[in-house]
Amino acid sequence: MKVFLFKRAISSLPTSNPNLLSSFQLNHLLQLCSNSKALHQGKQLHQHIILCGLDHHPFMLTKLVQMYADCGDLGSAQALFDKLSQPNVFAWTAILGFYSRNGLSDECVRTYSEMKLKGVLPDKYVFPKVFRACGQLLWLEVGIQVHKDVVLCGCEFDLQVCNSLIDMYSKSGDVGSGRRVFDEMVERDVLSWNSMISGYVCNGFLEFSVELLASMRIRGFEPDIVTWNTVMDAYCRMGLCDEAWEIFEQIKEPNIISWTTLVSGYSRIGNHEKSLGIFREMMSRRVVFPDLDSLSSVLVSCRHLGALVCGQEIHGYGIRSVDSSSFYKSAGAALLTMYVRCKRIQDAVNVFELMDRFDVVTWNAMILGFVDLEMGHLALECFSKMQRSGIMNNQITISTVLPACDLKSGKQVHAYITKNSFSSVIPVWNALIHMYSKCGCIGTAYSIFSNMISRDLVSWNTMIGGFGMHGLGQSALQLLRDMSHSDVCPNSVTFTSALSACSHSGLVDEGLELFHTMTRDFGFTPGMEHFSCVVDLLARADRLEDAVGFIEKMPLKPSKHIWSALLAACRAQQNVSVAKLAAGQLFQLEPEHAGNYVTLSNIYARAGRWDDAVAVRKLMEDRGLVKPSGYSWI
C-alpha cells in the first residue's frame, strides 16, 4: 500500500509549478525510488528535477546516479556520472555497487582502481563491493592489496568490511587469512560465523566447520537456516549423512536448500533409496517444492536404482513446473543417463535432442550412458562424432570415455591427452591408469602413476586396485605403505582394494594382518566389503573352516556376497558340509536365484550323494525355478 501511494505521489507531480518540492523532498523521493527499484517513477522525478533547474547540482546529480544504478539502468547512471566534474565517493559507490550486484567483477575492480587514481578515498561502503568482486574472480593478490587500503582508511574493524574480507579470502582459497580476520574482529554477527563456517566447507576443512558451529553456540549466537544448511553440507561431504539428518530435524522450517543437501548427500554416498525417500517426503509435505538442483540430484538416484517410473514422474514434473529449456540445461544430463541406464535408448535420444547440442555436458552425458550399458563402441562413436562436430571436450569427457576404450583406442586418447592441456588434470590420469590396468599393461599404468606430479586418493586406489587385478599383491601392499608416508590418507576403498589384492595373490597372512591394521592403526570400522574380502581370502586358500569361523564372529549379518564366495570355493574344493551351510543361507537371502541350487546339486552329485542332489532339484521345481527341458523334432 505504501509503495502504491508513493508511486501515485510521483505520478501526480506538478509540471506548472516546479518549485513546489524542496531539495530535501526530492532527495527523499529519490531514495524511495532507489529502495523500491521504481525506475519509471525515478525518471519522472528526474524530469521534475530538470524543471527545478537542479539537474546540474552535484548533490542532486549524485543522488540521480545512485537511483539509476540501484534501479539497474547503468547507461543513465554512467551518463550522469560523467557530468560530475569531481564525483565523490557516493557516486563511485553507486557505480561499483551496480557492477558488483550484476556479476561484472572485473569492471568493479577496474573502476575501484580508477577511483583511487582520481584521489577519492574509499570508505566502509566501497570495500565490501570490491571484495565481493575479488572473491568471484579468485583474485587473491588484488584482494590483499585492497585489504591494505582497508587498514590505511581505518576500516579494519568495521563489521561489514570484515565479513566481506572473510568471504573474499575463503573464496580465493586462503582460508587461513580469513580465519585471522575472523579472530581479530571486535564484534561479530551471525553472518560473520556463517562466512567462516562456509569458508571451511568450501576449502575442504570440514571438521573445522563443525567445530566452529559448537563455538558459535557457546558464544551465544543462535544458528540460522544458512548455518544449519552449511553444516549439513559439511557432514554430507564427509559421508556422514545420518549426522546431517539429525541437524535437519532441528530446523523448524527447512527450505529447499536443506532438502536438496540431504538428497544429494545420500546420493553421493550411494544410499540412493534414502535419497529418493527424502525427496518423496519433501513432495508429500507440500511445504517447499523442488528446484532444478533438487530435481537433478534425485534423478541421479533414479539412475542408479533403475527407477524408471520415478524418473519419468520427475521428468513430467520438471517440464510442467519450470521453463523447458532451463530444465533440460540443468537436469538434462541426469535425465538422459537415467533413461540409458533403464535401457530406454529412444527416450534418452529424445532428451539429447532437446538439450543444447553445443554444450559439452550434453555429449558427456550421452557418452556416460553408453559406458554404463557397457556399449563401449557406441561411447567411442559418440566421442568421435563430438570431435567432428567441433565441440571442445573437457576433463570429464576424457575421464568418461577412457573406461570404454580397448588398448588401441586408449593409446589414441593417451596421445590426445599428451598433446592437449590435460597434463595437470589428475582425474584424467587416474582414468588412464585404470584403462591400462584393465587392458593388461600394468607396467605402463605404474609408469603413469610414478610420473604424476601430484596424486589424489583416487590415484592411489586405482593403482592399488590395478596391482590386485594382476595378482601383484606384494606390489599393492608396498604401494599402501608408500601411501601411508604421503599426505593422502587411505579410505575404505583403499583397504578393499588392498585386501582384494591379497586374496588374488594368495597372501593370506598379510591380508589378515592388513584387516587388523585398518582397525588398530587407522581407526576404520570394517564394512561388509572388507569382511567379504577376508572370507574370499580364506576360501581361496582352502581354509574353509577358518572362513566359517570368521563369518560366525562377524558383528554384521553376512551378506549374500559373502555366502556366494564361500559356496564358490566349496565347489572348487568339493567341501560338502560347508557348501550345505552356505547354500542354505543363500536360499533364504535370494530364494529365486537358481544358480545357488544348481551349484549345491552339482557338489552333491560329484560326492555321490544322488538323493541329496535330486532333493535340491526338487526344491527348485517346487519354487518354479526349473525351466522346461528343450527338445527337438529332429
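Biologist: Are α8 and α10 roughly parallel or roughly antiparallel to each other?
Modeller: The axes of α8 (residues 127–137) and α10 (residues 159–171) come within 8 Å and cross at roughly 10°, where axes are lines fitted to C-alpha atoms, for helices over the stretch in contact, and angles run from 0 to 180 degrees between N-to-C directions. Helices here are DSSP runs of H or I with at least four residues, numbered from the N terminus. Angles under 35 degrees count as roughly parallel and those over 145 as roughly antiparallel. The helices α8 and α10 are therefore roughly parallel.

Biologist: What kind of model is this, and which atoms do the side-chain values use?
Modeller: This is a predicted model, in which local features need pLDDT of at least 70 and side-chain atom pairs count only at pLDDT 80 or more, while totals for chains, interfaces and linings use all residues.

Biologist: How many charged residues are in the contact of α8 with α10?
Modeller: With contact meaning heavy atoms within 4.5 Å, Phe127, Pro128, Phe131, Cys134 and Gly135 of α8 meet Gln160, Val161, Ser164, Leu165, Met168 and Lys171 of α10. Asp, Glu, Lys and Arg count as charged, Ala, Val, Leu, Ile, Met, Phe, Trp, Tyr, Cys and Pro as nonpolar, and the others, Gly among them, as polar. The contact of α8 with α10 divides into seven nonpolar residues, three polar and, as charged, one.

Biologist: How is α2 oriented to α3, roughly parallel or roughly antiparallel?
Modeller: Helix α2 (residues 23–36) and helix α3 (residues 39–51) have axes that come within 9 Å and cross at roughly 160°. This angle makes α2, relative to α3, roughly antiparallel.

Biologist: Which residues of α3 make the contact with α2?
Modeller: Helix α2 passes α3 in a left-handed crossing, meaning that the near helix is turned anticlockwise from the far one by less than a right angle. From α2 come Leu26, Leu29, Leu30 and Cys33, and from α3 come Gln41, Gly42, Leu45, His48 and Ile49.

Biologist: Which helices each supply at least two residues of the lining of the largest cavity?
Modeller: On a 1 Å grid over the protein atoms alone, a cavity is a set of points where a 1.4 Å probe fits but cannot get out, and lining residues have an atom within 4 Å of a point. The lining comprises Tyr328, Lys329, Met355, Asp356, Asp359, Val361 and Thr362, of which three are nonpolar, one polar and three charged. The helices that each supply at least two of the lining residues are α20 (324–341) and α22 (360–372).

Methods: Residues numbered from 1 in each chain as written. Heavy atoms only, no water. Parallel < 35°, antiparallel > 145°, perpendicular 65-115°, else oblique. 1 Å grid on protein atoms, 1.4 Å probe; cavity = no way out; pocket = protein on both sides within 12 Å on 5 of 7 lines; lining within 4 Å.
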